[in-house]
Amino acid sequence: MRRRLFSYLFVSLLIVSFAGYLVQTGERGFGQQTQPARTLDVTRLSKTDTERLGWKAQGLDAVFADVATLSTDTLMIVTDGKVVGAFGDLSKPYNVHSIRKSVLSALVGRHWGSVANEIRLETTLQELGLDDAPIPLTTMQKKTTVRDLLMSRSGINHPAAASGSLQEEIDRRLGNKENEPGTIWAYNNWDYNALTTVFENETGIGIAEAFETGIARPISMDDFDAGSVSYISNTRLSVHKAAMFKMSARDLARFGQLYLDGGRFDGQQILPGAWIDKISSDFTVTGMEGLRWGHGYLWWIPGPNTGLPEGSFWAWGLGNQALIVIPEWDTVIVHQSDTTEFWSRFLPMIRDDGMTGEAAVEKLILSCREAVTRETEFCIDHRLITRREFDRLLSLIAAARVQPS
């Protein structure tokens with residue numbers, strides 16, 4: 001049992017370590033060569049209905065032709081509540097990785113807006129009695145508010161469960177010193193794990209139960225239950241845990257539709273509309289370009305040159321799991337890729353061969369550029385989708401949208 005637990009923790013740490021590497025580096029341009037195309041069973045609306053909903057049928061042809069060269073497992077484009085185009089098993093839950101943070105944001109917002117108002121954004125960690133171990137928080141660090149955690153601006157550079165090689169970027173932004181809370185942005189898993197503890201302590205409800213009873217059931221999710229949530233814990237680093245989610249494409253689409261509909265479902269206010277409005281009006285410019293230009297309330301804000309209209313926001317996870325909410329287009333886009341097979345190859349390279357995470361991923365990505373391996377099952381169906389490839393896909397989706405005259 002102890003060996004299995006260690007193995008689970010080790011894999012989990014590597015997953016987030018690698019995720020941080022991809023966010024910060026952009027994979028050094030490894031996504032330049034097009035892979036062999038798969039045959040996809042795509043569901044599409046008629047040309048007339050597609051164009052009525054504001055899409056160019058020929059542009060969507062290009063989108064799905066591009067997806068056929070990736071290892072994407074599901075793609076959904078939903079406009080006005082109608083599935084404009086989709087493929088894959090939309091009922092199969094996948095690990096959504098860092099999309100968990102946007103889900104956590106929804107839970108905080110729901111209880112922020114409740115009658116009991118269990119979550120108060122200006123409350124400090126000192127007032128909440130929240131600390132850490134084995135390294136305790138300083139007096140200044142305890143001045144951090146719940147809002148600072150939501151905005152990734154605690155300034156606290158502490159070891160965290162499921163952080164991995166994010167640490168290099170955190171050190172660059174925060175240094176190894178005390179920082180005035182609320183003054184420096186950093187994509188920092190300590191903030192999100194501490195926020196998980198805050199939520200569970202203040203509401204008295206576990207993350208799994210809170211999401212199942214407060215959001216999943218009320219919006220009629222089909223495939224989610226409490227067993228879809230697990231925790232990553234590493235008490236040698238921190239007492240705060242990371243809550244991980246598995247979700248299907250159709251359930252992610254319903255979650256995104258809830259945001260499009262101002263937090264309402266079937267006449268019931270599930271999330272406060274004011275909470276949703278905060279995402280695109282109160283965020284930090286990250287210093288990164290493109291789709292990760294801004295970040296606030298645990299959602300990413302795409303930059304002005306991405307082709308996505310102002311007011312859009314999106315959730316991202318390792319393997320380019322994505323939930324994109326585009327209010328101006330009345331559209332939700334879901335993209336998922338199963339990372340299981342990738343990790344079955346990646347882990348032994350770290351554990352048995354002594355490679356670094358960066359070296360292992362470079363080897364795996366570059367191996368699928370070789371003529372003798374490009375058409376293997378792994379390289380066609382299971383390889384990792386690079387950031388460059390995903391950015392290209394989003395550009396094609398933006399180009400498929402009919403622009404207002």
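**Notes on the model**

1. Y297 sits in the loop between β10 (294–296) and β11 (299–301). Its phi is positive, about 55°, although Y297 is not a glycine.

2. A word on what we are looking at: this is a predicted model, in which local features need pLDDT of at least 70 and side-chain atom pairs count only at pLDDT 80 or more, while totals for chains, interfaces and linings use all residues. Residues are numbered from 1 along each chain as its sequence is written, and side-chain values use heavy atoms, with hydrogens and water left out.

3. For the overall picture, the protein chain has 15 helices and 14 strands; these are DSSP runs numbered from the N terminus, helices being H or I of at least four residues and strands E of at least two. Of its 405 residues, 57% count as buried. Among contacts in the chain with a separation of 6 or more, 66% are between residues 24 or more positions apart, where contact means heavy atoms within 4.5 Å.

4. D80 is partly exposed, with a relative accessible area of 39%.

5. P134 is placed in the loop between α5 (125–128) and α6 (146–150).

6. Next, β12 (residues 313–317). Why call this strand largely enclosed by the rest of the structure? Because 5 of its 5 residues are buried. Both faces are covered, with F313, A315 and G317 on one side and W314 and W316 on the other. Strand β12 pairs with β13 (residues 321–326) in the antiparallel sense over 5 bridges; strands pair if DSSP finds at least two bridges between them. W314 stands opposite I324 in β13. The two strands form a hairpin with 3 residues between them, and G319 in the turn has a positive phi of about 85°.

7. There is also an open sheet of 3 strands, in the order β4-β6-β5 with antiparallel pairing. Its edge strands are β4 (94–95) and β5 (229–232), each pairing on one side only. Strand β4 is joined to β6 (residues 242–247) by 2 bridges.

8. Within that sheet, M247 of β6 stands opposite Y94. Their C-alpha atoms are separated by 5.5 Å, although the two residues are 153 residues apart along the chain. M247 is buried, with a relative accessible area of 1%. Leaving aside neighbours within four places in sequence, its contacts include V103, F211, M221, F224 and L252.

9. Finally, helix α12 (residues 340–351). At 1.5 Å a residue, its 12 residues should span 16 Å, and the end C-alpha atoms are 16 Å apart, which agrees; the expected span is 1.5 Å times one less than the number of residues. F342, W343, F346, L347, M349 and I350 are buried in α12. These residues cover an arc of only 160° around the axis, which puts them on the same side of α12; the arc is that of the directions from the helix axis to the C-beta atoms.

Technical notes: Buried < 20%, exposed > 50% of the residue type's maximum accessible area, 1.4 Å probe, protein only.
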